[in-house]
Structures are given as structure tokens and as C-alpha cells.
Amino acid sequence: MSRFNNSVPPRRFLLALCALSLVAAACGEDSPPETTEAAPQTTTAAVQTTTSTAAVAQTPTTTAAPPETISTTVAELAPQFEPTRLSYRYPAEGEIEYSLSIEQEAAITLEGGPAEEMPPGPIKMDTTLEGSTTYQISPGPDENTTTIRITTDIAMIDNEMSMGGISIPAPPDAQAPGFEAPIDITVVVDQEGNVLEFTSEALDSLGLGGSFLPTVTVGSQELSRPFGPSFPDHPVDIGDTWTERIEQEGPAGTGVIVTTAEHRLVEVETEAGRTILVIESEYRGEGFEWDMGELMQGMFGAFAGELSEEDAPEGEPDIPEFGLLVSATPSTTVAVIRFDPQTGLVMAGEYQASGEVTTDMTVPDETGEPAGILSSISYDQTVTYQLISPAS
């Protein structure tokens, strides 16, 4: 048995591979969810954000809802509104900050591993998090584009945890699934909110390449893009809808993630003397299945290659065989935002996301023999946010 096998026990493999399965789940979102969630054709960063190298097939359409679908009450109370072409207008330089409040329920199940390594039943976590997300603004590479570095500062406020139906104290270092690490990505967007490119040092360090989505994990995908939906390239009126289809390549040629989004301008209000647009969005991510065995083999092979000759004696295999099959059910993210067309900024909003990802892993046990472990993570999440700087 190689030294490599001895140095990486199953539990550590399990944690590492579960983390990677979380990465995959975010891609089926809208994410942020989204998505989780993808960047719709005209979104500041979609529930699934697009990259400069990603294949994106988008078919925006706009249809006016029949007059009878507009409530008479809303029409009477709404201020006068002429069809308007909407756009984001970020400052040339500076920062924009939003406060965050996050409620998340997650369930994790594990099967197939050594009994002493497996929990006695499903692990459930009900978590409350609070914090902020900051956009550091600078000019984009081209005219009418903006570069935005998105970072988060989020703390767990409350965490109730149970295992096999029995309440247990949460470990001091427990973290909510999807929020194990702060988000730190950079996107380039145009005035309609299309994400033209992104960079992420965290993903680059994993060797996942430019084709992978900037969403890091389940739960936080919506925070990996600027808040707000895409906007069409023509004026919209109350009741108008616009839709798009986004196709995003998965990591290392594993497949294509498809998300469709529909946005609707549902209402116009007056707040403190200014006009506020209420926009509803629904992102629907198709299910997918990825065979990531070769990718995992390469990643652990690179790790094994760093071992010294003393740690990997001649004649012994450097690494064992790994298998990783990741699948996700169709996911849905529903969002409502309040947009100020005068400043070109989202003032406040809320999104609700849900989804499930299953990971079928084959990893070596203590003897070096392959062992299968099946894990699944499901979640329901509500995030509310409010612009706090610049003050409205």
C-alpha cells in the first residue's frame, strides 16, 4: 500500500469530494441561486455567470401582458410611466455595499462508507447568516463596460443542527453549506447587465479553468454576481416580459448547463419622491449529470506528484483510482428586486432558491481498495438584501 493511501484517510476524501460536489450544484442553479444562480443574457451576472470563453445561446424576446392581467388597483396607484429602456449605471470608480440576511435549510445524507465513518442518519442544518457584499467598481476594458470585484463578509448568527433526528450541538467551527469560503470574484459587465467575462483566483487555484462558473458552492451562487436581472435592448412597459436561454459549459468538458430565465416588470411605485420599478424573475436550471472521475484523478495526481521520492517509494503506485459522478435535479430561483431607473442601481431585493445535488464517489479505503460513498445535499434558501452605500 502506498504512502499516499495512508496519508489521505476516507473521511478526508469524503470532505474534499463533498466540497467539490457543492461546487457542481451551483452550476445547475441560477445562480446564484445561482444559482443557481447563470447569467441571463442581460444580467449583471447571471444565476449561472457566463465567461468570455463560454458558449452562450440566448434568445431574448419581449411580450406585453394582456391589459386584463394588470390589476386595476395597481394601475390606479402607480405613477405615470412611459415605456423606458433600462440600464445599470455604476459609478466610474468607488464602492457599492449591500447588507445581507440569509435563512437556509440544508439536509445532507451519506451512505455506503465504513460504519464508523458514517453519521447515524441525515444531517440537517437550519442556519441564519448576516453580513454584507461589496462591489469594488473600476472602468471596464471597453466603452460602456464596468469591472466589478465582488466580495462578501458573512457571519453565522444562529445554527440548529440535528443528526438522525436528534438535536446536537453545532461544532464551534461549523459552517453553512455553500458559505465555507468568502466570495471573491471579478466580473466585467455592460450597461444591460450582460456578464462579458469573469476571473476567480480561487477557481484558478483548483485548476478548473475559464469554462467553470464563478459560483463557488451551493447556497451562495446568487451572491457571485451583481444583484439584478438582465435588461432587454429596447423600452419596456408595465406588464412586459423578457426571456433568455443560457448555455454554460461545465468543468473540463463534462457537459452543458442550461438555464432559462423570465423577467417581468410588474409594478411601478413612488418612494421618497422617486420612481421605483418592481421586477420579478424566475430562473429554471435543467438537471445535469457529470462524470468528473478523470478530473479528480488529475487533481489528486498533481498532488501526488508533489510527494518526495522518500514519501513515494519506487515501485508503489502514486495514486489509487478515483470515481466521481455528480448529478443535480432541476432547480428554481425566484427573485424580486426594487430598481431605481434614475440612479441605475438595485435598491433592495429578495430571492428564494432550492435544489439538490447527488455525488456518487469511489475512493480508496484504509487498505487501498475502492469503496463507494453516495452523498446528497438539498437546500432551501431565502436571501434579502438592501443598498446601504451609497445611501439612497
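Predicted model: local features only at pLDDT ≥ 70, side-chain atom pairs only at ≥ 80, totals over all residues.
Residues are numbered from 1 along each chain as its sequence is written, and side-chain values use heavy atoms, with hydrogens and water left out.

**Salt bridges**

I counted a salt bridge where a side-chain nitrogen of Lys or Arg is within 4 Å of a carboxyl oxygen of Asp or Glu. The structure holds 6 of them.

R338 forms one with E269, with the closest N and O atoms 2.9 Å apart. This pair links distant parts of the chain, R338 being in strand 13 (residues 331-340) and E269 in strand 9 (residues 256-271), 69 residues apart. Strands (E, at least two residues) and helices (H or I, at least four) are DSSP runs, numbered from the N terminus. E269 is partly exposed, at 23%. I also found E269, E271 and R338 linked in a network of salt bridges.

Next I checked D340, which forms a salt bridge with R274 at 3.1 Å between the closest N and O atoms. D340 lies in strand 13 and R274 in strand 10 (residues 274-285), so the pair ties together parts 66 residues apart in sequence. D340 counts as buried at 1% relative accessibility, whereas R274 counts as partly exposed at 23%.

**Strand 11**

Strand 11 pairs with strand 12 (residues 323-328) in the antiparallel sense over 4 bridges; pairing requires at least two DSSP bridges. E289 stands opposite S327 in strand 12.

**N194**

I located N194 in the loop between strand 6 (184-190) and strand 7 (195-199). N194 counts as buried, at 13% relative accessibility. Its side chain makes a polar contact with the side chain of D190 at 2.8 Å (a pair of N or O atoms within 3.5 Å; within protein, one must be able to donate a hydrogen and the other to accept it, and residues adjacent in sequence count only if both atoms are side-chain atoms).

Note on methods. Buried < 20%, exposed > 50% of the residue type's maximum accessible area, 1.4 Å probe, protein only.
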